[in-house]
Amino acid sequence: MIDEWEETEQKAMFKLTGKQRLQTVVLVLFATVTAYASVSGPEPGYTNAPGDLGNCTSCHDHHLVNEGPGSVRVNGLPAFYQPSEAYTFTVTTAQAGRIRFGFQLTAIDSTGNRGGSLASVDGSTQVIPQTGVGGRQYIEHTSPGTLATGVGSRTWQIRWTAPSTDIGTVRFYVAGNATNNSGVQDDDDYIYTTSAPLDSPTSVVTVALQSQPGGMTLPAGSHFTINWAVTGQSNIDNIELRYSTDDGATFPISNLIASTTNPATTSYDWTVPNTPSTHAIIRILVGKKSGDAVQALSGVFTITGDGSAALPEILSASASAKKLFVFGQNFAMGAVVEVNGNEQGTLNDDDDPSHFLRCKKAAKKIAPGSTVTLTVRNPDGTVSAPFSFTRPLE
């Protein structure tokens, strides 16, 4: 009976038309290629870089990106690159309990175009022949390169040759896949993304404190000129000065000295606050356009005083259209300008917050030729002496 059934099935199979047999072969080949592609890496453009098609959750969409307990990391990059030099770094995808992993990486400049050249070190990685937007290269795992090299992780070595000229900061974007080894693309796989900047000789940012208060005693109300030097001005996003009274353990926003987005600023005249401490430190924090920051710390110094709050003081004021500008000293973050006793919407100036306040609409209430009384109230309740301001005739 079984033999008769098998013979009937065989005859039925041979009765398929040539077109039907061709369709069957194509479906089998397609399934084989699809299964292979899911193991040997995605198509180019899934590193989560700006301008890419996205990240690997486009296929592995069981979880949101970076939702899991694992990570993907780029390690071993130098502090900055030299044109045409070759460097070897690593990419690691990790998640406890997983035994197969994947990744895809690209390197681009600040305009989104290809930054340098990627190459494989061994058979665990491959450079995709197709390029992406801006001529981008992509490197990713191979099928043999998916097995774990450590407990719950896989590390790949990558060779990168810097561009032949200084093109500024290069950023490496990478997506990693920690799979459950089921062979099904969207079946409980976790996708992780990250990026890592690499500065060039001209974009590497450094900061050094040129005036050193370390070991000094500064009385409250005295002036100390803070001088510093920076490199890589083209890659500087902002500069912020704060002080600490607890040996550098904290630098709270209330201890902001000044901030600026002008990378050419290298000096500030600081009025020492009435915050007595024998463990004071100044910090200069320089934020980079590439995302991270560098800092310089002073030595420990002493601030003397009685601890009483310094009163805000108005020294001058001006008006332009609807805007009112108030200049003085001891303006705390969140200080408010009052016009004839009425609070106005007030912002501390970004570059000089303790000496300069801006009110966007306060001047529209001050007619040309009229005189008003200005006061400044700090968040701690201290109020400046009244200041008489006459708006000039226009």
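Trainee: Let's begin with E240: is it buried or exposed?
Mentor: Bearing in mind that this is a predicted model, E240 is buried, because its relative accessible area is 16% and the cut-off for buried is under 20%. As for its place in the fold, E240 sits in strand β13, which covers residues 236–244.

Trainee: And which residue does E240 form a salt bridge with?
Mentor: The partner is R242, and the closest N and O atoms of the salt bridge are 2.9 Å apart. The side chains of E240 and R242 are also listed as joined by a polar contact of 2.9 Å.

Trainee: What about R242 itself, buried or exposed?
Mentor: R242 is buried, with a relative accessible area of 14%.

Trainee: How many salt bridges does the structure hold?
Mentor: There are seven salt bridges in the structure, and one of them joins the side chains of R136 and D52, with 3.0 Å from N to O. R136 belongs to the loop between β5 (125–127) and β6 (139–141), while D52 belongs to the loop between α2 (18–40) and β1, so this pair ties together parts that are 84 residues apart in sequence. Both R136 and D52 are buried.

Trainee: OK, and which residue does K288 pair with?
Mentor: K288 forms a salt bridge with D199, and the closest N and O atoms are 2.9 Å apart. Since K288 lies in strand β16 (residues 277–288) and D199 in the loop between β9 (190–198) and β10 (206–209), the pair ties together parts that are 89 residues apart in sequence. K288 and D199 are both buried.

Trainee: Which residues are linked with K288 in a network of salt bridges?
Mentor: The network of salt bridges links K288 with D199 and D292.

Trainee: Switching to the surface, then: which residues form the positive patch?
Mentor: The positive surface patch is formed by K322, K323, K360, K361, K364 and K365. To take one of these lysines, K364 is found in the loop between β24 (356–359) and β25 (371–377), and K364 counts as exposed because its relative accessible area is 53%, where the cut-off for exposed is over 50%.

Trainee: Last one: where is L311, and is it buried or exposed?
Mentor: L311 is in the loop between β18 (301–304) and β19 (313–320), and L311 is exposed, with a relative accessible area of 51%.

Trainee: How far apart are L311 and R377 in space?
Mentor: From C-alpha to C-alpha, L311 and R377 are 8.9 Å apart in space, while in sequence they are 66 residues apart.

How values were computed: Residues numbered from 1 in each chain as written. Predicted model: local features only at pLDDT ≥ 70, side-chain atom pairs only at ≥ 80, totals over all residues. Heavy atoms only, no water. Patch = residues over 30% accessible without salt bridge, like charges linked within 9 Å, V, L, I, M, F, W, Y side chains within 5 Å. Areas by Shrake-Rupley, 256 points an atom, 1.4 Å probe, with all protein chains shown as cover. Salt bridge = Lys/Arg side-chain N within 4 Å of Asp/Glu carboxyl O. Lys, Arg positive; Asp, Glu negative; His and termini not counted. Charge placed at Lys NZ, Arg CZ, Asp CG, Glu CD. Helix = DSSP H or I, 4+ residues; strand = E, 2+ residues; numbered from the N terminus. Buried < 20%, exposed > 50% of the residue type's maximum accessible area, 1.4 Å probe, protein only. Polar contact = N/O pair within 3.5 Å; in protein donor to acceptor, adjacent residues only side chain to side chain.
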